[in-house]
Amino acid sequence: MENNRFDAITKVFGDRQLSRRRALVQGGAVLAAGAFAHGAWPGQAQEATPEAHETPEPEAENPGGPTMMFVQTFQSGSVARTEGQEGRYTVKLKQGSGQTIYFSDRPDRIVGSTPTGQFLEGLGFPEDNPPNAALIVETEPGETDIAVVELFNPMYDPTSHGVTYDVEVLANWGQSLEMDFTETPTDLAELAPTFGAAQLFIDDCPDWPISCYRLGEYVGGLGVRGNCWSWRLGWCVPCLADGSQGSKSYQEIMTHFGAECDKYVSACNGACTAYSTWT
């Protein structure tokens, strides 16, 4: 891929208006009423009606860790309109590598890979704050085209390593770039109904609220906090201010935020457990 095109993609994801980080804060989302289990994460879903509690201000944007980008590669694919859902398309990406590459920009220069099935479980695809992604496809030998989209409902085939996504095109994304892309499709199905080699560049973890529970009862929260990719665990976890979340267990991370619950939420009385949730 041309360097200027790659730089333009990173600029899209670096744009605060398109980044998933802080998206829930900017949208005025409220704290989750319950905590939800996520894969191997501890805890069980709790049904509760939150009462009014004083909560601390969210930490500074993107605390404690570098911004990551994720890359998936495939040998071929197709795109078609999704029946019954205006503005949505189904993108089928075939014969992937089975690994999702992650990397960070300078000065951290973190790079590694995670099995794609695990990555899809660990990133989070909520309807109200889905990942942004740049889809780059080979339309003809030696020719590529691009669209910037939001990703929904991933389905992974562990046999072929293919992934199917529902997507929506981000409106007017090309206008946010200093360079001019001619490929700004109004109908993604016209971009390339079928295509050859494809690359999918996916942006970083979303922000999630952190809720505080005492003896199984919701008593308050810490506000919406930034999440960072954990290369140890292979999923998104709440960022720690010192950037050490990538080397810690999930229990260690949530113990830290449990202590914050005890500090900031008076109803905890020193006995709270923290849960990271999305709405």
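**Entry 1: Phe125 and Tyr165.** I began with burial here and found that Phe125 and Tyr165 are both buried. I am working on a predicted model, so I keep that in mind throughout. Next I looked up the ring geometry: the centres of Phe125 and Tyr165 lie 6.4 Å apart and the planes meet at 35 degrees, so I noted the pair as tilted. I then placed both residues. Phe125 is in the loop between α3 (116–123) and β5 (132–140), while Tyr165 belongs to strand β7 (residues 162–169), so this pair ties together parts 40 residues apart in sequence.

**Entry 2: Trp235 and Tyr250.** My next aromatic pair was Trp235 with Tyr250, which is edge-to-face, with 70 degrees between the planes and 6.5 Å centre to centre. Trp235 sits in strand β13 (residues 235–238) and Tyr250 in helix α5 (residues 250–264), so the pair ties together parts 15 residues apart in sequence. I checked burial too: Trp235 has 14% relative accessibility and counts as buried, and Tyr250, at 6%, counts as buried as well.

**Entry 3: other rings.** How many aromatic pairs does the count come to? I get eight. I also found a cluster in which ring pairs link Phe70, Tyr102, Phe119 and Trp229. A charge turned up as well: the charged end of Arg88 sits over the ring of Phe152, 3.7 Å from the ring centre.

**Entry 4: the chain as a whole.** I stepped back and noted five helices and 14 strands. Of the 279 residues, 51% count as buried. Among contacts between residues at least 6 apart in sequence, 66% join residues at least 24 apart. The chain exposes about 13,300 Å², and carbon and sulfur atoms supply 47% of that area.

Methods
Residues are numbered from 1 along each chain as its sequence is written. This is a predicted model: local features need pLDDT of at least 70, side-chain atom pairs count only at pLDDT 80 or more; totals for chains, interfaces and linings use all residues. Side-chain values use heavy atoms; hydrogens and water are left out. Helices (H or I, at least four residues) and strands (E, at least two) are DSSP runs, numbered from the N terminus. Buried means under 20% relative accessible area, exposed over 50%, partly exposed in between (1.4 Å probe, protein chains only). Contact means heavy atoms within 4.5 Å. Accessible areas come from the Shrake-Rupley method with a 1.4 Å probe; for residues, only the protein chains shown count as cover. Rings of Phe, Tyr and Trp (its six-membered ring) pair if their centres lie within 6.5 Å; planes under 30 degrees apart count as stacked, over 60 as edge-to-face and the rest as tilted. A charge sits over a ring if NZ of Lys or CZ of Arg is within 6 Å of the ring centre and within 35 degrees of the ring normal.
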